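Open the model in your viewer and keep the selection panel at hand. This tour goes stop by stop, telling you what to select and what to look for.

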There are 2 protein chains.
Amino acid sequence: MKILLVDDDPRLRDLVRLALERAGWQVVTAADGQEALLHASREVPDFIVLDIGLPELDGFEVCRRIRQRSEVPILFLTARDDEVDCVLGLELGADDYVTKPFSPRALVARIKAITKRSQPTQKPAALTHGTLSLDPQAHRCQIAGQEVALTAREQGILHLLLQDPVRIRSRAELIATIWGASSPVSDRTLDSHLRNLRAKLEQAGGGDLIETVHAVGIRLRTLI
Amino acid sequence: MKILLVDDDPRLRDLVRLALERAGWQVVTAADGQEALLHASREVPDFIVLDIGLPELDGFEVCRRIRQRSEVPILFLTARDDEVDCVLGLELGADDYVTKPFSPRALVARIKAITKRSQPTQKPAALTHGTLSLDPQAHRCQIAGQEVALTAREQGILHLLLQDPVRIRSRAELIATIWGASSPVSDRTLDSHLRNLRAKLEQAGGGDLIETVHAVGIRLRTLI
DNA sequence: GCTCCGCTTGCAATCAATGCGCATGCCTGC
DNA sequence: GCAGGCATGCGCATTGATTGCAAGCGGAGC
């Protein structure tokens, strides 16, 4: 198993690396968020241990971006208790967390527990909503039986809406989730993508699937 | 039968070599990963006994690279129990493992068991996708009934795509898998090989089989 | 009905990813 | 050593995606 370890403290990195390698795992390390993202896509790790307090891109942001592409298990390292709430509160798809200081042995145990539990959770299965189905892994979308080619952004929007079709997402939330806090994109941009997405779904026979709730946000139209 | 034995501990190497030779096999040894790869391709062994904890290139990496070329049975030597999960978990195509310390006699017994079992397990069957078939062992590829001569890189790309035709592979992933993380090859290089591969498949009547998903990666075109 | 503000749409600029021609260098077989 | 095939990767053209401005539309409250 290949583990990506992300922490900016070299000493901690070495310590943990040793423990993980001793557990028989292959370890790739990254010192900051950028490097983490690079390795996450290059090395395609089977597990990620991610510190929250990173320079520049913090752990939350890194997690968010990785989650756009992959379902790889992620375990957070938190320096303070109050970060824990954050980890749990955010819908980042974190699998567990460990508060510093921790014993390397405990970390290894956690990782084993997670990997064991996540084994049978295969087949993430496409998200569906009526005749719409979206398989983020395969980057494939169908509506009314027809294949629709979506761009990365379009899929991002649809993916988020499909996660909880009942909920209304504000524009701010969409932007924060899809683009991240770091690159503040204009509302107009979101609108543009939304328009393109709507056009594609409409053209494929999906009708007016995305509903605007004036001054609140957007959601998928409820099915009858 | 010729056996390649890879371990960095000279004493263990001698001990095991003796036991293997006593069992009537020819033995080639390597002390590190590089040497192992060299011998694996030069000597074309019938069996490989591979320690995990090697300097520089570890056993997993060595196994991965050998598997790109060959289905030769590989037996891992693991230093600790917890490495075992790893060996089994990874889709490296390991055939068995033995935990250190072990008796040379037990090792010989394992090797015999594996060779016996893997005899009738011939015909790994070529990978197929529509009219395309690829037999990595034989380094042979057919499309639309026509034979296509592929270079090593071309086959590498096609092989990876065929492993899971649904999945989209990012350029980074392709590069990491085919070239290994150690030699970071330029995107343009991948493009060049991709172009050659496409041209060959196209010319052989396979049509436009490899699909680019902009900003995401490439995959095999879905068949209807 | 009027106004404000949010939303949609047309359009154009910008940016990024991809593909390709071509040059270079390596390695192998002769 | 030499020819030929293969791998590599630079530079540029092309394509496709992203971004956001400006104008117009429309809902909600007055």
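Angles between axes of 65 to 115 degrees count as roughly perpendicular. You will need that at one of the stops. Keep in mind throughout that this is a predicted model.

**Stop 1: chain A as a whole**

Select chain A and colour by secondary structure. Chain A holds eight helices and eleven strands. Its length is 224 residues, of which 30% count as buried. Now think about contacts in chain A with a separation of 6 or more: 55% of them come from residues 24 or more positions apart.

**Stop 2: where chain A meets chain B**

Show both chains. How many residues does each chain bring to the contact? Chain A gives 14 residues and chain B gives 21 residues. Colour the chain A side by class: there are six nonpolar, six polar and two charged residues touching chain B.

**Stop 3: the sheet in chain B**

Three bridges tie E7(B) to E8(B), and the two run antiparallel. Within this pairing, B:Ser133 has B:Gln142 as its bridge partner. E7(B) and E8(B) form a hairpin with four residues between them. Pick B:His139 in that turn: its phi is positive, about 55°.

Step on to E8 (residues 140–143) of chain B, joined to E9(B) by three bridges and again antiparallel. Opposite B:Cys141 you will find B:Val148 in E9(B). The hairpin of E8(B) and E9(B) has two residues between the strands. B:Ala144 sits in the turn and has a positive phi of about 50°.

Now show side chains along E8(B). Which of them are buried? B:Cys141 and B:Ile143 are, and they point to one face.

**Stop 4**

Turn to the helix pair itself. The axes of H6(B) and H8(B) come within 9 Å and cross at roughly 80°. H6(B) and H8(B) are therefore roughly perpendicular to each other.

Select the residues that meet. From H6(B), take B:Arg153, B:Glu154, B:Ile157 and B:Leu158. From H8(B), take B:His193, B:Leu194, B:Asn196, B:Leu197 and B:Lys200. By class, the contact has four nonpolar, two polar and three charged residues.

**Stop 4: DNA strand D**

Bring back chain A and show DNA strand D. There are 21 residues around DNA strand D; those coming nearest are A:Thr151, A:Ser186, A:Thr189, A:Ser192 and B:Thr151.

**Stop 5: DNA strand C**

Switch to DNA strand C. Around it lie 19 residues, and A:Asp191, A:Thr212, B:Arg195, B:Thr212 and B:Ala215 come nearest. H8 of chain A and H8 of chain B each supply at least two residues of this surface. H8(A) gives the most, with six residues. By class, the surface near DNA strand C divides into four nonpolar, six polar and nine charged residues.

**Stop 6: a loop residue in chain B**

Finish at B:Lys100, in the loop between E5 (96–99) and H5 (104–118) of chain B. B:Lys100 is partly exposed, because 15 other C-beta atoms lie within 10 Å. Beyond its neighbours within four places in sequence, B:Lys100 is in contact with B:Leu77, B:Thr78 and B:Ala79.

Note on methods
Residues are numbered from 1 along each chain as its sequence is written. Chains are lettered from A and ligands numbered from 1 in the order in which they are written. This is a predicted model: local features need pLDDT of at least 70, side-chain atom pairs count only at pLDDT 80 or more; totals for chains, interfaces and linings use all residues. A residue is buried if 20 or more other C-beta atoms lie within 10 Å of its own, exposed if 12 or fewer, and partly exposed in between; C-beta atoms are placed from the backbone. Two residues are in contact if their C-beta atoms, placed from the backbone, lie within 7 Å. Ala, Val, Leu, Ile, Met, Phe, Trp, Tyr, Cys and Pro count as nonpolar, Asp, Glu, Lys and Arg as charged, and the others, Gly among them, as polar. A residue is near a molecule or strand if its C-beta atom, placed from the backbone, lies within 6 Å of it. Two strands pair if DSSP finds at least two bridges between them. Axes are lines fitted to C-alpha atoms, for helices over the stretch in contact, and angles run from 0 to 180 degrees between N-to-C directions. Angles under 35 degrees count as roughly parallel, over 145 as roughly antiparallel, 65 to 115 as roughly perpendicular and the rest as oblique.
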